[in-house]
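I opened the two-chain file and kept notes as I went. The entries follow the order in which I looked things up.

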Amino acid sequence: MPLQPRLPSNDVVIERSEEEREKKMRVRYQVAGMFSILLLLAIGLLSPTSSVSAAADGKITGTVKLDGAAPHMKGIDMSKDPYCVKQHENNPAHLENVVVGAGGGLENVVLYISEGLSGPEASQTPTQVPVFDQKNCMYTPHVLAMDVNQKFKVVTSDQTTHNIHPLPNPLAGNIPWNKSQPPGAPPIETSWKTEEVAIPVKCNIHPWMHGYFVVVKGPYATTDDKGSYTIENVPPGSYTVTAWHEEYGKQTAKVTVAAGKPGAADFTFKAK
Amino acid sequence: MRRNIFNGSLVLTAVAVVAFCSFSWAQMTEFDENQRLGMESHIGKLTGHASAAAGSYRRYCVGCHGVLGDGEGENAQWLDPKPRNFTLGIFKCRSTTTGTLPQDSDLYDTIGRGLDSSNMPSWNPLSAQQRADLVAYVKHFSARWVSEKPGTPIEIPPKPEVTADRIKAGQAVFQKVECWKCHGETGRGNGPSAATLTDDQNRPIQPFNFHDNNRFKCGTSDEDLYRIFMTGLDGTPMPSWSDNIKPDEAWDLVFYLRTLQPMKSKEKEIARQIGLKPGATSAAPAAPAQQ
C-alpha cells in the first residue's frame with residue numbers, strides 16, 4: 001500500500017481515494033478476521049487457567065515431621081479443680097506443646113504463605129468461623145489459625161468457669177483482652193486486626209491451659225495428627241510457605257503452584 | 001598525592017552520607033515526638049496539654065515510670081507491683097470494656113487517687129490542671145492514642161436499695177460465676193488458683209482479699225467496685241464480667257462483697273442480723289467438688 005501523500009489540491013485526491021478505500025477496507029477485514037481468530041484461540045487456551053485463578057482452587061499439600069524422639073509431655077495436675085480432674089479420670093491429660101502422631105507426623109503446625117501472595121487472595125477474608133473450644137479444661141484445638149480480620153469464636157463446653165486471656169503484643173497492633181466464661185456463657189465472637197505469629201492465650205484460673213492464635217494473611221492450614229496439611233484456595237504462582245511450630249519455630253520452603261497441579265512442600269523439624 | 005585526594009573525598013562522602021542519614025532520622029523522631037506532644041486530654045471542662053506536662057512528669061513521675069514512659073525508671077527495680085508501662089496503652093482502671101483504651105477521666109482519677117497497695121501515691125496535691133496535663137502526657141507515650149479511640153464506658157444503673165435478699169443473691173452470684181476460684185471461698189484471696197496467678201508480664205500477682213480492707217485498686221465507692229469486676233483489670237488475671245453478670249446481679253454482688261470488709265457497712269449489719277456467713281450457701285451449690 002503506497003503511502004498517501006498529502007496533496008494540496010482536493011479534486012485529485014477524491015478520485016484516487018475511491019479505489020484506495022476499497023483496498024483498505026479489504027485489508028482491514030482480513031486483519032480483523034485474523035485478530036478474531038487469534039482472540040478466540042487465546043481464549044480457548046487460557047480459559048482453564050483463568051477459571052483456576054478465579055476460583056483459586058489450587059492447593060499446596062505436604063507433611064510435617066519431627067526428626068528424632070518426641071520430648072516427653074508431662075502429665076497435668078488438675079487437682080486445683082475437681083471438675084477438671086473428673087473429666088480426665090480415664091484419659092490422663094498431658095501437655096500439648098509437641099504432639100507427634102504415627103510415622104513422626106507433627107501436629108499443630110501452622111502453614112501459611114509468607115511471600116508471593118498478591119491481589120484478591122491476599123486481601124480476601126474467609127467467611128467460615130473457626131471455633132476455639134474450652135473442653136475438659138483443655139483448649140481444642142491447641143493451636144487455632146485464622147486470617148487477619150476473620151471472625152472466630154471462643155466457646156466453652158465445660159461446667160467450670162474459665163477466663164480467656166489472649167496476650168498479643170499491643171505494640172504490634174493487636175490488643176490483649178481478658179474475658180470470663182462461666183458454664184453456659186455465650187460464645188465470644190471477635191477477630192484480630194494484624195498478622196501475628198503467634199498470640200499466646202491462657203486461662204489464669206487453670207494455669208496449665210495454654211494455646212495459641214496464629215493470625216496470618218491469606219490461605220493457611222494446620223497439620224492433623226498425621227502431620228499432613230493442605231492449603232486450599234491458592235492461585236497458580238510461586239510462593240514461600242512458612243511452617244510454624246510453637247516449640248521448634250519457623251521453617252520456609254519455595255513452592256510453585258501450576259494450573260491443575262498442586263504445589264508440594266514437606267518439612268522436617270529436628271527434635272531438640 | 002592523587003590517591004590521597006581520592007581517599008579524602010571518599011571519607012568526606014561517607015561522612016556526608018552518615019550525617020545526612022542521622023540528620024533525617026533525628027528529624028523524623030523529632031517530628032513524631034512533636035506530633036504526639038500535641039496530645040490533649042479532656043476531663044469535664046478541663047483540657048490538658050501534653051506539652052505543658054514535661055516539667056511535672058520529670059519532677060514527679062520519671063523516677064518510676066522512666067523517661068520513655070516504659071515503666072523502667074531508676075526506682076522500678078525496687079518496686080512490686082512494677083510501675084505501669086505507658087507505651088502499651090494498657091490500664092487496670094477503666095470505665096471501658098476490656099481491650100479498649102480508658103477514658104481520659106479514668107486516667108485522671110487514677111492519678112488523683114493513687115493505687116492502693118502499690119507505690120503509686122495519690123497526686124491530689126497537684127492542681128487539677130497539672131493532673132489533666134499529665135493525663136495527656138501519659139497518653140503521648142503510646143501511638144495507640146493516635147490510631148484508636150477510647151472505649152465506651154459501661155453503663156452503671158442507679159444503685160438499688162440494699163436488702164437481705166439482695167445480699168444473699170450476691171452470695172449466690174459469687175458462687176455461680178466462681179469468684180472463689182481466685183478470691184477464695186470466703187473472699188480471703190486464697191482460692192485454689194490464687195497461688196499460680198501471674199500478670200501479663202508473667203510476674204506473680206495476688207487476688208484481692210476482701211477481709212483486708214475496702215480500698216480497692218480502682219476506687220472505693222460501690223460504683224467503683226461494680227466497675228472493677230464488670231470491666232476487669234487489664235494486664236492482670238482479673239477478667240471482664242460484663243458479658244456474664246447482669247446489671248441487677250452485679251449490684252447484688254457489690255452488696256455481698258461489702259459484707260466481707262472489716263469496716264462497718266450497712267450490708268455488714270444486715271448480714272449480721274440474718275446470720276449470713278461468707279462462703280458456700282445451701283441455696284447455691286457448694287463450690288468445689290460439684291459438677
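At what angle do the axes of helix 2 of chain B and helix 4 of chain B cross, and within what distance do they come? I settle the ground rules before answering. This is a predicted model, so I take local features at pLDDT of at least 70 and side-chain atom pairs at pLDDT 80 or more, while totals for chains, interfaces and linings use all residues. I number residues from 1 along each chain as its sequence is written, and chains are lettered from A and ligands numbered from 1 in the order in which they are written.

**Entry: helix pair in chain B**

Two packed helices are described by the angle between their axes and the distance between the axes. I looked up both. The axes of helix 2 and helix 4 (residues 128-140) of chain B come within 9 Å and cross at roughly 90°. Axes here are lines fitted to C-alpha atoms, for helices over the stretch in contact, and angles run from 0 to 180 degrees between N-to-C directions. Helix 2 of chain B and helix 4 of chain B are therefore roughly perpendicular (65 to 115 degrees; under 35 is roughly parallel, over 145 roughly antiparallel, the rest oblique). Helix 2 of chain B brings A54(B), S56(B) and Y57(B) to the contact, and helix 4 of chain B brings Q130(B), D133(B), L134(B) and Y137(B). I call two residues in contact if their C-beta atoms, placed from the backbone, lie within 7 Å. By class, the residues of this helix contact are four nonpolar, two polar and one charged. Nonpolar covers Ala, Val, Leu, Ile, Met, Phe, Trp, Tyr, Cys and Pro; charged covers Asp, Glu, Lys and Arg; the others, Gly among them, are polar.

**Entry: chain B overall**

I find 10 helices and two strands in chain B. Helices (H or I, at least four residues) and strands (E, at least two) are DSSP runs, numbered from the N terminus. The order of elements in chain B is α-β-β-α-α-α-α-α-α-α-α-α from the N terminus on. Of the 291 residues in chain B, 39% are buried. The burial test is 20 or more other C-beta atoms within 10 Å of a residue's own; 12 or fewer is exposed, in between is partly exposed, and C-beta atoms are placed from the backbone. Taking contacts in chain B between residues at least 6 apart in sequence, 61% join residues at least 24 apart.

**Entry: confidence**

pLDDT is the predictor's confidence in each residue, from 0 to 100. Chain B averages 88, and 85% of the residues score at least 70. Where pLDDT is low, the predicted coordinates should not be read in detail. For the complex, the predictor gives an ipTM of 0.83 and a pTM of 0.80.

**Entry: interface**

I count 28 residues of chain B in contact with 23 residues of chain A.

**Entry: a sheet in chain A**

Four strands of chain A form an open sheet in the order 12-2-14-15, with antiparallel pairing. Strand 12 (220-222) and strand 15 (249-257) of chain A are the edges, each pairing on one side only. The twist averages 30° from one strand to the next. Strands 2 and 12 of chain A pair in the antiparallel sense over three bridges; pairing requires at least two bridges found by DSSP. Y112(A) stands opposite Y220(A) in strand 12 of chain A.

Most residues other than glycine have a negative phi, and most peptide bonds are trans. I looked for exceptions.

- V197(A) and A198(A) are joined by a cis peptide bond, omega about 5°; A198(A) lies in strand 10 (residues 196-202) of chain A.
- D80(B) to P81(B) is cis, omega near 0°; P81(B) sits in the loop between helix 2 (54-65) and helix 3 (104-113) of chain B.
- N108(A) has phi near 65° and lies in the loop between helix 2 (82-87) and strand 2 (110-115) of chain A. N108(A) counts as buried, with 26 C-beta neighbours inside 10 Å.
- N233(A) has phi near 60°, in the loop between strand 13 (228-231) and strand 14 (237-245) of chain A. N233(A) is partly exposed, with 15 other C-beta atoms within 10 Å.

**Entry: K202(A)**

K202(A) also lies in strand 10 of chain A. K202(A) counts as buried, with 20 C-beta neighbours inside 10 Å. Leaving out residues up to four places away in sequence, K202(A) touches H165(A), M209(A) and H210(A).
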